[in-house]
Amino acid sequence: MNDKTKDDILMEVKNLSKQFPVKKDRLIKNAAWLKAVDNVSLQVYRGETLGLVGESGCGKTTLGRCIVRGISSTQGEVIFHGEEGPVNFLDLKGSRLKKYRRDIQMIFQDPYSSLDPRMTVYDIISEPLRINRMGTGEEIDQKVKDIAREVGLNIAHLKRYPHAFSGGQRQRVGIARALATNPSIIVCDEAVSALDVSIQAQVINLLDELQYKYGITYIFVAHDLSVVEYISDRVAVMYVGQVTELADTGELFSRPLHPYTEALMSAVPKPDPRMRMERIVLEGEVPSPIDPPSGCYFHPRCPYRKPICETDKPELREVEQDHFCACHRAEELTLKGA
Amino acid sequence: MRKVNTVDDKLLIELKDLKVHFAIDEGLLKAVDGVDLNIYEGKTLGLVGESGCGKSVTSQALLRIVPPPGRIEGSILFQKSEGGTEDLAALPMDGQTIRAIRGKEIAMIFQEPMASFSPLYTMGNQIMEAIKLHRTKDEAEARAIAVEMFKKVGISNPEKRLDEYPHEFSGGMRQRVMIAMALSCNPRLLIADEPTTALDVTIQAQVLELMKELQKDLGMGILFITHDLGVVAEMCDEVAVMYLGRIVEKAPVDDIYHNARHPYTQGLLRSIPRIGSNLNEKLASIDGTVPVPLGLPPMCGFHERCDRKIAGLCDRKTPPLVEREPGHLVRCFLYGEEAQEADNE
Ligand SMILES: Nc1ncnc2c1ncn2[C@@H]1O[C@H](COP(=O)(O)OP(=O)(O)OP(=O)(O)O)[C@@H](O)[C@H]1O
Ligand SMILES: Nc1ncnc2c1ncn2[C@@H]1O[C@H](COP(=O)(O)OP(=O)(O)OP(=O)(O)O)[C@@H](O)[C@H]1O
Ligand SMILES: [Mg+2]
Ligand SMILES: [Mg+2]
């Protein structure tokens with residue numbers, strides 16, 4: 001994915017925000033707002049995998065759900081470049097919306113709550129096919145079995161209900177369901193986090209293969225940085241609702257420009273007990289998206305902070321070619337990668 | 001490096017030939033099929049293995065919360081704080097005794113946070129209920145403890161967050177609330193089922209530190225279930241590898257990583273993606289899938305996927321779990337006399 005041009009863009013997220021109302025407080029008169037996603041802009045290239053990482057609660061799932069219209073956005077656009085040229089997916093209605101929905105799928109983080117407990121696994125996987133009338137009964141049946149096999153589910157168990165499956169097995173059901181409609185982009189929210197490493201490797205290889213075969217684009221949310229590094233072409237780092245760094249994967253991992261990214265890299269546990277290691281333990285509290293700190297949201301925990309960081313909010317800017325970072329000191333700091 | 005199983009170690013719980021079988025339409029599903037494990041005070045035992053191999057069901061058995069039609073056999077000997085042992089496997093499922101142990105003596109962090117909270121009550125309600133049951137009757141004090149625990153697991157605005165409902169929390173935040181809840185009653189045994197799967201690495205580091213701290217202070221024993229071998233390396237003293245309802249290898253943590261014997265364990269270690277290595281290659285994975293534990297004949301459960309299987313042996317007999325080196329147990333014919341015999345035939 002080195003020569004990116006405008007033509008290669010599949011999706012543009014523009015100034016997307018999502019706020020949740022927070023219950024009234026005895027002390028504060030007006031209802032407060034929780035800015036889960038705060039003015040995020042991103043471009044996603046056709047056929048790439050864009051990794052999305054960041055602190056728990058920083059807005060990754062919310063961003064994903066806004067993109068697939070699982071929830072409504074407070075503000076912003078999601079321009080989808082399909083066969084008919086660019087359309088704002090968030091504006092679509094009726095049959096056009098239905099058509100585009102097939103193209104934009106999501107694999108959900110919590111397999112338990114995202115699978116309907118009253119439906120058999122077979123029905124869960126075939127539902128999107130039936131709703132969209134994608135083939136005859138027999139074709140659908142064949143397709144369900146093929147997908148189930150591809151994700152490593154036992155065909156003999158498709159008539160069971162989700163509760164009789166283990167956590168990892170349920171996650172595979174979610175993946176199968178998302179694949180059913182041949183989407184062009186899938187938001188994978190912690191799609192492999194619940195899987196043991198060997199199945200995880202199988203599923204990652206599967207996602208890779210499907211990308212190679214059908215050109216599927218992924219937005220890949222995960223907290224396991226080694227998985228993110230493996231699967232992503234580019235990676236975006238989020239912190240308290242905002243994108244703080246975005247770059248090609250190799251670049252981001254070897255030369256991070258944002259102190260938060262550096263802290264993330266240092267916290268990855270090494271799979272070797274002889275390397276129980278020193279990490280940058282972030283001091284200070286996790287900031288609240290209800291009343292975020294002044295200036296740079298990361299400044300209270302940043303070991304490199306300067307006075308300006310407490311007052312001025314850094315914009316996401318292209319510090320080097322294709323390497324975006326929102327830090328006042330991006331040029332002067334030399335940070336450690338993974 | 002901490003040592004494993006020295007004479008000073010105090011046994012906290014002992015599983016002996018634990019079996020959990022589900023009678024379902026298709027037959028008898030042997031989710032857990034003869035597991036022996038010891039957990040010691042102040043020590044962490046890691047339990048790893050393929051999805052569906054029976055890790056969660058094992059831990060459900062410890063708390064006696066296996067859903068019907070699950071049936072438990074074998075014994076679960078728990079060392080009571082006031083002395084003496086109690087066989088949890090023999091207790092009635094909803095009796096006084098087990099309910100007094102649940103939450104207070106043995107706490108559990110469940111794999112799927114959303115499934116373990118009621119959507120109808122605030123998080124504060126749910127965590128304070130546990131605290132009031134086991135630690136204090138005083139409402140204000142219970143709330144103070146809850147706030148303190150929220151802070152410890154890195155949840156900002158704890159006062160406000162206590163009054164919110166589960167759906168208002170992110171996946172990782174729910175997981176952290178559950179950790180806070182499990183730790184709030186100072187349990188002697190903590191069962192952590194994939195406790196950090198939904199957490200980013202910095203919060204994960206913070207939570208792991210918190211567990212280690214409490215372990216040091218309280219001498220808590222931990223059963224740590226995870227598929228993250230980085231976390232296992234970080235946290236565990238000893239590791240048990242499970243496959244198809246059985247333990248196939250158990251060893252001190254260093255041995256597992258540097259001297260793995262079972263082909264399945266070796267395959268697991270090969271499958272870990274490591275930062276900065278072979279990005280253009282396909283990840284190594286173990287081909288095939290785990291058979292379902294329904295009406296299986298005696299055999300090594302792994303033989304179909306094993307590239308070192310011994311025909312006529314691994315597919316006919318169930319290998320025994322044998323101590324090959326001090327503290328290092330392996331269930332594999334490759335290391336026994338049977339292998340040589342098969343070679344000679
Ligand atoms: N309530 C149930 N009824 C019937 N079968 C069940 C039930 N719960 C679990 N099982 C089966 O028991 C086996 C073990 O499941 P368990 O949840 O312990 O796996 P696990 O090792 O925790 O996997 P994962 O890593 O995916 O969480 C699986 O084959 C599963 O399908
Ligand atoms: N329905 C909701 N109502 C109120 N607040 C919400 C709701 N959904 C999410 N939030 C809040 O929005 C913020 C972002 O949540 P989100 O689930 O997007 O985080 P995340 O980055 O996916 O975190 P994780 O890694 O833990 O899954 C959190 O503070 C969360 O509490
Ligand atoms: Mg999330
Ligand atoms: Mg489990």
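Which residues do ring pairs link into a cluster? Ring pairs join A:Tyr239, A:Tyr260 and A:Phe298 in this way. Rings of Phe, Tyr and Trp (its six-membered ring) pair if their centres lie within 6.5 Å; planes under 30 degrees apart count as stacked, over 60 as edge-to-face and the rest as tilted.

The model is predicted; local features need pLDDT of at least 70, side-chain atom pairs count only at pLDDT 80 or more, and totals for chains, interfaces and linings use all residues. Residues are numbered from 1 along each chain as its sequence is written, chains are lettered from A and ligands numbered from 1 in the order in which they are written, and side-chain values use heavy atoms, with hydrogens and water left out.

A search of the whole structure gives 7 aromatic pairs over all chains. A pair of aromatic rings is described by the distance of the centres and the angle of the planes. The ring centres of A:Tyr239 and A:Tyr260 are 4.7 Å apart, and their planes lie at 50°, so this pair is tilted. The pair links distant parts of the chain. A:Tyr239 belongs to strand S9 (residues 234-239) of chain A, and A:Tyr260 to helix H10 (residues 259-266) of chain A, 21 residues apart. Helices (H or I, at least four residues) and strands (E, at least two) are DSSP runs, numbered from the N terminus.

A:Tyr239 has a relative accessible area of 1% and is buried. A:Tyr260, at 0% relative accessibility, also counts as buried. Buried means under 20% relative accessible area, exposed over 50%, and partly exposed in between (1.4 Å probe, protein chains only). The rings of A:Tyr260 and A:Phe298 have centres 5.5 Å apart and planes at 65°, so they form an edge-to-face pair. This pair, too, links distant parts of the chain. A:Phe298 lies in the loop between H10 and helix H11 (307-311) of chain A, 38 residues from A:Tyr260. Both A:Tyr260 and A:Phe298 are buried.

The charged end of A:Lys99 sits over the ring of A:Tyr100, 4.9 Å from its centre. In chain B, the charged end of B:Arg261 sits over the ring of B:Tyr335, 4.7 Å from the ring centre. A charge sits over a ring if NZ of Lys or CZ of Arg is within 6 Å of the ring centre and within 35 degrees of the ring normal.

Helix H5 (residues 137-150) of chain A has 14 residues. At 1.5 Å a residue it should span 20 Å, and its end C-alpha atoms are 20 Å apart, which agrees. The expected span is 1.5 Å times one less than the number of residues. In H5(A), A:Ile140, A:Val144, A:Ile147 and A:Ala148 are buried. Seen down the helix axis, the buried residues of H5(A) fall within an arc of 100°, so they line one face. The arc is that of the directions from the helix axis to the C-beta atoms. An α-helix has 3.6 residues a turn, so residues three or four places apart point the same way. The face of H5(A) turned away from the buried side carries the exposed residues A:Glu138 and A:Arg149. A:Gly152 follows H5(A), with a positive phi near 85°.

Most residues other than glycine have a negative phi, and most peptide bonds are trans. A:Asn15, in strand S1 (residues 9-22) of chain A, has a positive phi near 45°. A:Asn15 is partly exposed, at 37% relative accessibility. A:Asn39, in strand S2 (residues 32-45) of chain A, has a positive phi near 55°. A:Asn39 is partly exposed, with a relative accessible area of 43%. A cis peptide bond joins B:Pro68 and B:Pro69, with omega about 5°. B:Pro69 is placed in the loop between helix H1 (55-63) and strand S4 (70-79) of chain B.
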